[in-house]
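Open the model in your viewer and keep the sequence panel beside it. The stops below go from the whole chain to single residues.

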Amino acid sequence: MNVVFDIETDGLHFEATRVHCLCLSIDGGDVKRYINRRDSGSIKVRYDGYIEDALAVLAEADLVVAHNGIDFDLYILEKLYDFHIDPL
């Protein structure tokens, strides 16, 4: 399975303390939105699960694509969620 994803955070590299959302598309399908569990009570838009659910999808992917994924997205996910996949 091929996954394209992006994250939105509260800061850049060293300042980031929170991932607000992670959006992904599996094999070119509809975009799914995953939110930070701490925000679930205040979110007014449709979402498909929590960031931890999206990380499980990324862990199973054969190919992961992200804009600036190596230098930012994967760095932040490892820093805040102890999530690691080999970038190449």
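What follows is a tour in selections, one stop at a time.

**Ground rules.** This is a predicted model: local features need pLDDT of at least 70, side-chain atom pairs count only at pLDDT 80 or more, and totals for chains, interfaces and linings use all residues. Residues are numbered from 1 along each chain as its sequence is written, and side-chain values use heavy atoms, with hydrogens and water left out.

**Select the whole chain.** Colour by secondary structure.

Switch to the C-alpha trace. It spans about 35 × 30 × 20 Å along the principal axes. The radius of gyration is 12 Å, which agrees with the value near 12 Å for a compact globule of 88 residues. That radius is taken over C-alpha atoms, and the globule rule is 2.2 Å times the number of residues to the power 0.38.

Now colour by accessibility. Buried residues account for 34% of the 88. Buried means under 20% relative accessible area, exposed over 50%, and partly exposed in between (1.4 Å probe, protein chains only).

**Select the largest pocket.** A pocket is an open set of points on a 1 Å grid over the protein atoms alone, where a 1.4 Å probe fits, with protein on both sides within 12 Å along at least five of seven lines; lining residues have an atom within 4 Å of a point. This one holds about 280 Å³ of space. Its lining has 15 residues, and Val 64, Leu 74, Ile 85, Asp 86 and Pro 87 are the closest to the centre.

Which elements each supply at least two residues of the lining? Highlight α1 (51–60), β5 (63–65) and α2 (69–81). The top contributor is α2, with 3 residues. By type, the lining splits into 12 nonpolar, 1 polar and 2 charged. Here Ala, Val, Leu, Ile, Met, Phe, Trp, Tyr, Cys and Pro are nonpolar, Asp, Glu, Lys and Arg charged, and the others, Gly among them, polar.

**Select Asn 68.** Asn 68 sits in the loop between β5 and α2. Its phi is near 60°, positive in a residue other than glycine. Asn 68 counts as partly exposed because its relative accessibility is 39%.

**Select Asp 82.** Move to the segment after α2. Phi of Asp 82 is near 55°, again positive in a residue other than glycine. Is Asp 82 buried or exposed? At 70% relative accessibility, Asp 82 counts as exposed.

How values were computed. Grid points are joined across faces, edges and corners, and a volume is the space filled by probe spheres set on the points. Helices (H or I, at least four residues) and strands (E, at least two) are DSSP runs, numbered from the N terminus.
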